[in-house]
Amino acid sequence: MSIVKINVLNVPAEQREVLEKRFASRAGAVENSDGFEWFELLRPVEGTDDYLVYTRWRDEASFQAWMEGPMKAAHQGGGDRPKPAASGSSVWSFEVVQQAAPKSA
Ligand code: HEM
């Protein structure tokens with residue numbers, strides 16, 4: 001099954017709007033990447049102050065291919081560019097073990 005990569009962004013309260021605006025004008029390139037399945041920007045409401053950038057991929061190779069190419073362009077220079085909106089980040093990796101969707105009526 002698929003894999004999930006979550007980028008965890010520590011965002012100071014006063015930078016939340018800046019971060020969300022930046023995502024609102026994101027490159028939109030990930031949608032065209034082979035093996036890309038899903039993206040969500042998750043805003044914290046309770047239990048954490050971290051934003052989660054949820055991405056789901058067909059397999060690890062698809063994610064790695066995106067990281068090595070389109071990801072850098074989507075981040076306008078990759079890790080070299082200062083990212084003032086977030087004060088830190090880390091990536092969580094998961095394998096999808098089970099999944100369900102609503103039954104169509
Ligand atoms: C150094 C760590 C990172 C920071 C601070 C960061 C922050 C951001 C920001 C602010 C944007 C909005 C566009 C922009 O202004 O550049 C963005 C786009 C995005 N980020 Fe990251 N990011 C990081 C690494 C990652 C990683 C490792 C992933 C993989 C899970 C990821 C997934 C995405 C996706 C899917 C988009 C949308 C790209 C598109 O529209 O094509 N980011 N990121």
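This note goes through the fold, the sheet and the ligand shell of a predicted model.

1. Basis. The model is predicted: local features need pLDDT of at least 70, side-chain atom pairs count only at pLDDT 80 or more, and totals for chains, interfaces and linings use all residues. Residues are numbered from 1 along each chain as its sequence is written.

2. Elements. The protein has 3 helices and 4 strands, in the order β-α-β-β-α-α-β from the N terminus. Helices (H or I, at least four residues) and strands (E, at least two) are DSSP runs, numbered from the N terminus.

3. Sheet. The 4 strands form an open antiparallel sheet ordered β2-β3-β1-β4, where a pair needs at least two DSSP bridges between the strands. β2 (36-42) and β4 are the edge strands, each pairing on one side only. From one strand to the next the twist averages 15°, with angles running from 0 to 180 degrees between N-to-C directions of axes fitted to C-alpha atoms, for helices over the stretch in contact.

4. The β1/β4 pair. These antiparallel strands are joined by 8 bridges. Valine 4 faces phenylalanine 94 in β4.

5. Ligand shell. The ligand is surrounded by 23 residues, the closest being Arg22, Arg26, Ala29, Val30 and Ala74; a residue is near if its C-beta atom, placed from the backbone, lies within 6 Å. Two or more residues each come from β1 (3-10), α1 (16-24), β3 (50-57) and β4 (88-95).

6. Extent. Along its principal axes the C-alpha trace spans about 40 × 35 × 25 Å.
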